[in-house]
Amino acid sequence: MPMDPLAAAVSRILSAQNGVISRRQVLAAGAAPHDIARRVRRREWSPLLPGVFVAHTGEPSWRQRAWAGVLYYWPAALADESAMQAVEGSAWSDPRGDRAPVVIAVHSARNVRARSGYRLRWVSGFETQVQSHVSPPRIRFEDAVLHVAARASDDWSAIETLASACGSRRTTPGRLGEAMARHARLPRRRWLAAVIDDLAEGTCSVLEHGFLTRVERPHGLPRPRRQPAGRLGDRRIYRDAGYEELALFVELDGRLFHESASVRDADLDRDLEAAGDGRLTVRLGWGQVFDRPCHTAARLTTLFQGRGWSGQPRRCGPACVL
């Protein structure tokens, strides 16, 4: 037996919104208030926020909480960490986990208050930043990334946000730079722009950026080719920094531990292949880059000059060991 038109309309809305629907949408579809009350009474729906319902009685998912916030504050959209999570899913989540409030963007002229479990951000130029056609509606990914980076607790967290966004291939330094033009009052704007410029050079992680700004650049070391592509068997691989004329690679290993034995094994395979071709691979970690950058620069200088580099390094300051 075919579904009646009202039930079909409601079903389409629920399907499009992860099982969440607002009172406004139900009434616009042609239902009456008593239809909503009956579904709640029968435990087919349960309220998430005043005037917003989910089509089950269990614990709502993160995405259902996100939809509830957007519908409750409508017109609204996900912002900041929540917009990033909607795009990247399990690849990115707030470090606070389920305790983190869902961040909702509303127009700067509105006078509304945040409810428990939600945080509001009032946005100037709301219409230009919001992607209303996506599910759930959210501000543009680049705008979200910039605001999260600008509010980061420290520089390295900000760099990680920017580098991870580009490393995931969800955006590019060029698109982040274009988005920066829309935010003239963004905190730390000039510093963030400089980091984005460095990302455009090929630094794809916090550790790679640290190598650039603490080891390579201040000590006048030769500039490598960043993220050079190669092949290992039938796989395409990328190196962190390649000094082709010196037959040398520098790999920046930012992991405190390897995710699996297979990942570690793949790293060793790359090193072994390079050694077989007469190329040396040097692996640097957090200690060499952040704790002892001058000592690292000195040792790399010896290594570079021993392999044919004719340049001269420079001291980064009075206490530099070079």
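**Terms and values**

Student: Why is W309 called buried?

Tutor: The relative accessibility of W309 is 16%. Buried means under 20% relative accessible area, exposed over 50% and partly exposed in between, with a 1.4 Å probe and protein chains only, so W309 counts as buried. The model is predicted: local features need pLDDT of at least 70, side-chain atom pairs count only at pLDDT 80 or more, and totals for chains, interfaces and linings use all residues. Residues are numbered from 1 along each chain as its sequence is written, and side-chain values use heavy atoms, with hydrogens and water left out.

Student: What makes the pair of F304 and W309 edge-to-face?

Tutor: Rings of Phe, Tyr and Trp (its six-membered ring) pair if their centres lie within 6.5 Å; planes under 30 degrees apart count as stacked, over 60 as edge-to-face and the rest as tilted. The ring centres of F304 and W309 are 6.2 Å apart and the planes stand at 85 degrees, so this pair is edge-to-face. F304 is buried, with a relative accessible area of 0%.

Student: Why is W156 called partly exposed?

Tutor: W156 has 29% relative accessibility, and therefore counts as partly exposed. F290, at 15%, counts as buried.

Student: How do you know that R239 has its charged end over the ring of F249?

Tutor: A charge sits over a ring if NZ of Lys or CZ of Arg is within 6 Å of the ring centre and within 35 degrees of the ring normal. The charged end of R239 sits over the ring of F249, 4.3 Å from its centre.
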